[in-house]
Amino acid sequence: MSPESKKLFNIIILGVSFMFIFTAFQTCGNIAQTVITNLNNTDFHGSGYTSMSIIYGVFSASNLISPSVVAIVGPQLSMVVSGIFYSLYIAVFIQPATWAFYTASVFIGIAAAVLWTAQGNCLTVNSDENTIGRNSGVFWALLQSSLFFGNLYIYFAWQGKTHISGSDRRTVFIALTVISLVGTVLFFLIRKQEDTKAPGEEDSANEKGICLPRSAQNKMARAVAAFKKSIKLSFTKEIMLLSVTTAYTGLELTFFSGVYGTCIGAVNRFGSEEKSLIGLSGIFIGVGEILGGGIFGLLSKNNRFGRNPVVMLGIVVHFIAFYLIFFNMPNDAPIAPMQGTNDVAYMIPSKEVAIFCSFLLGLGDSCFNTQLLSILGFLYSEDSAPAFAIFKFVQSICAAVAYFYSNYFLLQWQLLIMVAVGFFGTITFFTVEWEAAAALVARGSDYNSI
């Protein structure tokens with residue numbers, strides 16, 4: 001197998017592994033609050049929103065140390081161990097206990113930081129400036145396929161149900177736990193890159209975050225160097241500007257992955273289909289994600305306009321979705337009680353509009369995330385682990401904040417926050433992209449890859 005084929009193979013395995021793990025985890029996140037609402041007349045008193053807030057809060061803090069962990073353990077083993085913790089979190093729902101639920105939320109927050117830092121490292125190591133756009137798109141399309149499969153099952157299994165029984169819950173979460181473990185095992189198929197450096201270049205290469213053989217003597221030195229590099233990168237102009245864009249992706253991630261499904265499930269005017277519509281919503285979010293990731297990945301090498309048009313498409317699509325959701329969904333839907341809400345917004349709630357908005361949310365999210373992965377891989381090809389750790393740090397802390405206020409804020413205020421942050425995040429991304437384009441032209445290269 002040629003080196004390029006080997007790299008593409010690694011990207012595909014990476015994407016498929018994440019697809020399995022996040023088929024389980026994103027389906028879990030999409031239905032968690034609905035399942036928990038049906039548990040709260042028992043001894044269980046947890047909150048799905050609070051759990052996600054803990055996860056993303058710990059996630060954000062753990063990103064400060066995750067580059068050091070990946071430097072010591074290596075990206076492959078880091079992803080395997082992290083995948084096991086994802087599986088344990090999902091397994092908690094088989095027989096929920098409040099203490100286990102919140103404890104698992106802490107551990108999966110740590111695991112998520114390590115998992116995504118290792119993912120960014122492997123994505124960058126297996127790409128160059130000509131393939132980073134394609135590989136980002138391929139990975140994103142495979143990852144977001146996860147939204148399709150799990151939610152398809154939820155749609156059919158919960159058709160016509162207004163209450164989720166213990167048997168229904170156990171069946172779903174046993175299956176999701178097994179699926180997550182399958183994805184974890186697949187990480188072992190990722191092939192290590194051969195060391196093509198001269199002996200004297202090994203230390204230099206290791207400092208750049210490249211996967212190379214490690215010795216016990218310099219593990220701690222690499223860990224400290226990775227931590228220092230993360231701190232140093234945090235204060236660069238490019239990272240600070242991109243942090244605004246990343247903050248927006250954290251807010252809208254919370255909304256489409258946790259809040260919007262809860263809103264749909266709370267609208268009594270949707271009738272007996274309200275719970276199964278949560279699954280259908282997740283499917284159409286996945287369709288939007290896959291379509292966006294696939295298109296932007298395949299067209300990346302032929303796009304001479306850079307990343308900005310894709311990000312512009314993303315913000316326009318999201319603003320249309322927010323406008324329609326504002327008119328279609330009751331304002332108290334995110335915080336409605338177990339009995340749901342009978343309120344009406346500015347139109348009679350429409351299932352078709354609700355599902356169309358799910359598609360728009362997924363498409364817009366893929367626009368932002370594929371381009372952020374691409375520009376980070378391009379700008380920081382030699383500092384991939386610290387750069388991706390900062391990206392996930394900002395994204396996750398904003399997601400944690402959003403999950404926290406989702407317990408209290410009406411829908412209109414949640415939408416307004418996303419509109420404001422999304423507007424400024426788009427402007428800051430444009431600024432960084434223009435500077436990246438100018439730098440590439442100055443090097444004498446054609447700027448034909450997103």
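Ser-82 is a residue of helix α4, which covers residues 75-91; helices here are DSSP runs of H or I with at least four residues, strands are runs of E with at least two, and both are numbered from the N terminus. Because its relative accessibility is 3%, Ser-82 counts as buried, a term that means under 20% relative accessible area, with exposed over 50% and partly exposed in between (1.4 Å probe, protein chains only). Apart from neighbours within four places in sequence, Ser-82 is in contact (heavy atoms within 4.5 Å) with Ala-111, Val-114 and Leu-115.

The model is predicted: local features need pLDDT of at least 70, side-chain atom pairs count only at pLDDT 80 or more, and totals for chains, interfaces and linings use all residues. Residues are numbered from 1 along each chain as its sequence is written, and side-chain values use heavy atoms, with hydrogens and water left out.

The chain contains 16 helices and zero strands. Of its 450 residues, 57% count as buried. Among contacts with a separation of 6 or more, 86% join residues 24 or more positions apart.

Two helices can be set against their expected span, defined as 1.5 Å times one less than the number of residues.

| Helix | Number of residues | Expected span | Span between end C-alpha atoms |
|---|---|---|---|
| α2 | 15 residues | 21 Å | 21 Å |

In α2, the buried residues include Tyr-49, Met-52, Ile-55, Tyr-56 and Phe-59. An α-helix has 3.6 residues a turn, so residues three or four places apart point the same way.

The model has six cavities of 30 Å³ or more. A cavity is a set of points, on a 1 Å grid over the protein atoms alone, where a 1.4 Å probe fits but cannot get out; lining residues have an atom within 4 Å of a point. The largest cavity holds about 350 Å³, a volume being the space filled by probe spheres set on the points, which are joined across faces, edges and corners. Its lining comprises 27 residues, and Phe-22, Gln-26, Tyr-56, Trp-116 and Leu-253 are the closest to its centre. Helix α1 gives the most to this lining, with five residues. The lining of the largest cavity consists of 17 nonpolar, eight polar and two charged residues, where Ala, Val, Leu, Ile, Met, Phe, Trp, Tyr, Cys and Pro count as nonpolar, Asp, Glu, Lys and Arg as charged, and the others, Gly among them, as polar.

Key. On a 1 Å grid over the protein atoms alone, a cavity is a set of points where a 1.4 Å probe fits but cannot get out, and a pocket is an open set with protein on both sides within 12 Å along at least five of seven lines; lining residues have an atom within 4 Å of a point.
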